[in-house]
Amino acid sequence: MDIGWPSVLPAAGKKYQIELPVVHEEELEEQFVRGSGPGGQATNKTSNCVVLRHIPSGIVVKCHETRSVDLNRKRAREILREKLEVAYKGEESELLKMKKESMQKKQDKRRKVNENIEKKRRFKEMLNSKQEDDKST
C-alpha cells in the first residue's frame with residue numbers, strides 16, 4: 001500500500017498545519033445516502049450524505065454536515081485523511097497530540113474558573129461574617 005505524504009498543507013481558517021496522507025481516488029468507495037437528523041423534508045428527500053470507504057484500510061467515514069453534496073464530499077475526504085493519519089501513526093499522530101493538548105488546556109481553564117468561583121464564594125462568606133460581627137457589637 002503506497003501512501004504518499006505531501007508537503008505541509010495549509011488548512012483554511014485553522015492555526016495548525018499537519019502533513020496528512022494522500023488518498024487516491026481508486027482506493028475509495030463512495031456512496032450517497034439519505035441523511036438523518038433535523039431538516040425535515042429537505043433531509044428526507046435528498047441523498048446528500050456521503051459515505052466514504054477506504055478499501056485498503058477498511059476505514060469508513062460518513063459526512064452529512066451540509067445540504068451540499070460537494071461540500072460533504074470534500075469534508076468526508078478531509079475526515080478520512082485525518083483518520084488515516086491517526087490509524088497509520090498511532091500515538092505519534094500530530095492530530096492526537098493536538099487533541100490531548102487541547103483537552104489539557106480546557107481542563108486547566110476549567111480548574112482556574114472553579115478556583116476563582118471558590119475564592120469569590122469565600123470572600124463573600126468573609127464579608128457576610130464580618131457584617132454579622134459588626135451588627136452584633
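Contact here means heavy atoms within 4.5 Å. The model is predicted, with local features needing pLDDT of at least 70 and side-chain atom pairs counting only at pLDDT 80 or more, while totals for chains, interfaces and linings use all residues. Residues are numbered from 1 along each chain as its sequence is written, and side-chain values use heavy atoms, with hydrogens and water left out.

Select Val 23 to begin: leaving aside residues up to four places away in sequence, Val 23 touches Leu 28, His 54, Leu 80, Arg 81 and Leu 84.

Next, select Val 23, Leu 28, Val 50, Leu 52, Ile 59, Val 61, Cys 63, Ala 76, Ile 79, Leu 80 and Leu 84, the 11 residues of the largest nonpolar core (a set of buried Ala, Val, Leu, Ile, Met, Phe, Trp, Tyr and Cys residues joined through side-chain atoms within 4.5 Å; buried means under 20% relative accessible area, with a 1.4 Å probe and protein chains only). Two or more of these residues come from each of β4 (49-54), β5 (59-63) and α2 (69-89), and α2 gives the largest share, four residues. Helices (H or I, at least four residues) and strands (E, at least two) are DSSP runs, numbered from the N terminus.

Now colour β4, in which five of the six residues are buried. Strand β3 (residues 28-33) runs antiparallel to β4 and is joined to it by six bridges, and strands count as paired if DSSP finds at least two bridges between them. Glu 30 has Leu 52 of β4 as its bridge partner, while Leu 52 has Val 61 of β5 as a bridge partner.

Finish at the hairpin of β4 and β5, whose strands pair in the antiparallel sense over five bridges; four residues lie between the strands, and Gly 58 takes a positive phi near 80°.

Terms used: Buried < 20%, exposed > 50% of the residue type's maximum accessible area, 1.4 Å probe, protein only.
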